[in-house]
Amino acid sequence: MEEAAAAARLGTILRHLCPPTGAAALTTFPTSAQTASGKHPMEFHYTLDNNLLTPEQRHFYDENGYLLVKNLVSGEDIERFRNEFAKICKKEVQVPGLIIMRDVAIAKSEFVPDQKAVTKIQDFQEDEELFRYCTLPQILKYVECFTGPNIMAMHTMLINKPPDSGKKSSRHPMHQDLHYFPFRPADLIVCSWTAMEQIDRSNGCLVVLPGTHKGSLKQHDYPDWEGGVNKMYHGVRDYNKNRPRVHLVMEKGDTVFFHPLLIHGSGMNRTQGFRKAISCHYASADCHYIEVKGTSQENIEKEVVEIAQRKYGVNTPITLKDTWMIRGRLVKGERTNL
Ligand SMILES: CCCC(=O)SCCNC(=O)CCNC(=O)[C@H](O)C(C)(C)COP(=O)(O)OP(=O)(O)OC[C@H]1O[C@@H](n2cnc3c(N)ncnc32)[C@H](O)[C@@H]1OP(=O)(O)O
Ligand SMILES: Nc1ncnc2c1ncn2[C@@H]1O[C@H](COP(=O)(O)OP(=O)(O)OP(=O)(O)O)[C@@H](O)[C@H]1O
Ligand SMILES: O=C(O)CCC(=O)C(=O)O
Ligand SMILES: [Fe+2]
Ligand SMILES: [Mg+2]
């Protein structure tokens, strides 16, 4: 059983994290802690303890599948990421392996070498300046609570949500990031997503369905949107539209950590500014790759492999796994499996 295996892995990692001699020694999984009142012991299923998360934060993540941390990345760092992004858009720096995506509404229009043409960049693992985001100690300290000590940065993005063209294509449909990942267990994967400016409903904040990380991976397809949908922006085919939606209003530097099964998306950008966020998906290096043939992930494998073959100029058969093995970078501990 996947859950049992995940629990066993977390148990193993936990023992590494907290050797029995340590002050914070914990020996079993799920772990226990006292509530603030000290009365009720709580069991946690989705996080490890490295003396960073409070019992309240661990409880919140267990219940909701995300955790918002205020003011985690400094204004200076964000400024540096902005500058590097601008340089990339102006083609002042070339980054091997980088994917530059333009909004579907302008994808076929004439190219403008400016960030106004770019919706997001992906796979910046070879850009030293942007990749610094993925190695920030204060982020990794949180990440370790979800992944354990062997940490791989698997997927990197800087999202530059453009002002909506009027076609609503600036929206990101509701989805689960696990749809894109051929590795498991899901509980040892976490996304960190940092607001590079004030982000709210006006410029298209993240929208989450709390608690959906407890469900399974759903079938994803292109949504049936009249104004067009960006390449690979698959959405969950059916989800409960009556579930409460939470809009994550964030200030510059605030960071949300979320589970790869959490259903989330982002709204339209109704402002004239380009809404920026930087993110990295981390996984425990102890995760293992899975075969996605015959599963709901087969459709995304086909698209990713087609793009990768074009990008790397190969026509030999490659798999979704290959594309991730190439992109993943160790940021802490040991590269064991991934
Ligand atoms: C946790 C993970 C969550 C996610 O990753 S969600 C989103 C995943 N998104 C991605 O992986 C990014 C996918 N995008 C890409 O790979 C590239 O932008 C893409 C689509 C291959 C285009 O890149 P290039 O080939 O360099 O661009 P190009 O200007 O030469 O265009 C080639 C053909 O693609 C089309 N295109 C470009 N951007 C698009 C877009 N945003 N949506 C839909 N179609 C798009 C473009 O019109 C062109 O088509 P045609 O060949 O003229 O028919
Ligand atoms: N009609 C719809 N069908 C399916 N998904 C939608 C629909 N409208 C919005 N969404 C999705 O819900 C999320 C929020 O989008 P939306 O554009 O409605 O913004 P919002 O944050 O709800 O803002 P507001 O409600 O203030 O307009 C996005 O993931 C979006 O793709
Ligand atoms: O920044 C956003 O709008 C959300 C992006 C996202 O969820 C994704 O690319 O997987
Ligand atoms: Fe996502
Ligand atoms: Mg709405």
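The space taken by ligand 2 is the second largest pocket of this predicted model; a pocket is an open set of points on a 1 Å grid over the protein atoms alone, with protein on both sides within 12 Å along at least five of seven lines, and a molecule sits in one if more than half of its atoms lie within 2 Å of its grid points. The elements that give two or more residues to the shell around ligand 2 are β7 and β15, strands being DSSP runs of E with at least two residues, numbered from the N terminus. With three residues, β7 provides the largest share. In total, 15 residues surround ligand 2 (a heavy atom within 4 Å), and H172, R201, R245, H247 and R270 are the closest.

Residues and chains follow the written order, with residues numbered from 1 along each chain, chains lettered from A and ligands numbered from 1. Local features need pLDDT of at least 70 and side-chain atom pairs pLDDT 80 or more, whereas totals for chains, interfaces and linings use all residues; side-chain values use heavy atoms, without hydrogens and water.

An N or O atom in the side chain of R171 is 3.1 Å from a nitrogen atom of ligand 2, and a polar side-chain atom of H247 lies 2.9 Å from an oxygen atom of the ligand. S266 takes part through its backbone, with an N or O atom 3.2 Å from an oxygen atom of ligand 2. Of the 600 Å² of accessible area that ligand 2 has on its own (Shrake-Rupley method, 1.4 Å probe), the protein covers 70%.

Turning to the other site, ligand 3 takes up the space of the largest pocket. The residues around ligand 3 include H172 and S266. Here the side chain of S266 places an N or O atom 2.6 Å from an oxygen atom of ligand 3, while for R275 the corresponding side-chain distance is 2.7 Å. Taken alone, ligand 3 exposes 290 Å², and the protein buries 95% of that. β6 (151-161) gives the most to this shell, with three residues.

A last stop is helix α5 (residues 137-147), which is largely enclosed by the rest of the structure because eight of its 11 residues are buried, that is, under 20% relative accessible area (1.4 Å probe, protein chains only). Helices are DSSP runs of H or I with at least four residues. Among the buried residues of α5 are I139, L140 and F146. G148 follows α5 and has a positive phi, near 85 degrees.

Technical notes: Polar contact = N/O pair within 3.5 Å; in protein donor to acceptor, adjacent residues only side chain to side chain. 1 Å grid on protein atoms, 1.4 Å probe; cavity = no way out; pocket = protein on both sides within 12 Å on 5 of 7 lines; lining within 4 Å. Buried < 20%, exposed > 50% of the residue type's maximum accessible area, 1.4 Å probe, protein only.
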